[in-house]
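Here is a friendly walk through one protein model, meant to be read with the structure open beside you. Take a look at the fold before reading on.

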Amino acid sequence: MEKFGAVLHSPEYEGKEKHVPVIKAPATAKANEAFEVTVVVGDETPHPNTIAHHIKWIQVFAKLESGMVVHVGTFDLGPTYAEPRVTFPVVLKESATLYALEYCNIHGVWEYSLDVKVE
Ligand SMILES: [Fe+2]
């Protein structure tokens, strides 16, 4: 059985169009206090945003230090009306790796991750 991870595109795969869902978050956060997370697709070079070619959704998960994987948020985007950039508050009780996924209707699913240390 082929694993889904095998079809995910990582930042190293990037071509001239920018698909990587870059996570912007502080390197450290306080336990149980909200901090701001932004996920942006096309941070350096804008991705097309037309009916024919667009970013359809962004999803965020967290792998907690204790090993549990939790869903943090799903953002469903309307092509041409919404740019693929979302900012939302996140609350963690323990250190975690944040994972962002995004889906381009032409170029597939892309991933990115970032560690946040909780003190
Ligand atoms: Fe694309």
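What follows goes from the overall fold to the sheet, the hairpin, the core and some loop residues.

This is a predicted model, in which local features need pLDDT of at least 70 and side-chain atom pairs count only at pLDDT 80 or more, while totals for chains, interfaces and linings use all residues. Residues are numbered from 1 along each chain as its sequence is written.

Let us begin with the whole chain. The protein has 0 helices and 8 strands, so the pattern along the sequence reads β-β-β-β-β-β-β-β; here helices (H or I, at least four residues) and strands (E, at least two) are DSSP runs, numbered from the N terminus. Along the principal axes, the C-alpha atoms fill a box of roughly 45 × 35 × 20 Å.

How much of the protein is buried? Of the 119 residues, 23% count as buried. A residue is buried if 20 or more other C-beta atoms lie within 10 Å of its own, exposed if 12 or fewer, and partly exposed in between, with C-beta atoms placed from the backbone.

Now find the open sheet, where 3 strands lie in the order β1-β3-β6 with antiparallel pairing. Its edge strands, β1 (21-24) and β6 (85-90), each pair on one side only. Strands count as paired if DSSP finds at least two bridges between them. Strand β3 (residues 35-41) and β6 are joined antiparallel over 6 bridges, and P89 in β6 is the bridge partner of E36. In general, strands of a sheet pair through backbone hydrogen bonds, either parallel or antiparallel.

Next comes a hairpin. β4 and β5 form it with 4 residues between them, and G67 in the turn has a positive phi of about 110°. The two strands run antiparallel and are joined by 7 bridges, with I58 opposite F75 in β5. β5 is hardly covered, as the count of buried residues among its 8 residues is 0.

Which residues have the most contacts inside the largest nonpolar core? They are V39, I58, L92, A96, L98, A100 and V116, in a core of 20 residues. A nonpolar core is a set of buried Ala, Val, Leu, Ile, Met, Phe, Trp, Tyr and Cys residues joined through C-beta atoms within 7 Å. The elements giving two or more residues to this core are β3, β4 (55-64), β7 (96-104) and β8 (108-118). Leaving aside residues up to four places away in sequence, L98 touches I23, A25, V37, V60, A62, S113, L114 and V116; a contact means C-beta atoms, placed from the backbone, within 7 Å.

Finally, turn to the loops. Between β2 (28-29) and β3 sits N32, whose phi is near 65°, a positive value in a residue other than glycine. N32 is exposed because it has 9 other C-beta atoms within 10 Å. T80, in the loop between β5 (69-76) and β6, also has a positive phi, about 75°, although it is not a glycine. With 11 other C-beta atoms within 10 Å, T80 is exposed. K30 is in the loop between β2 and β3, and its C-alpha atom is separated by 8.1 Å from that of K93, 63 residues apart along the chain.

How values were computed:
Contact = placed C-beta atoms within 7 Å.
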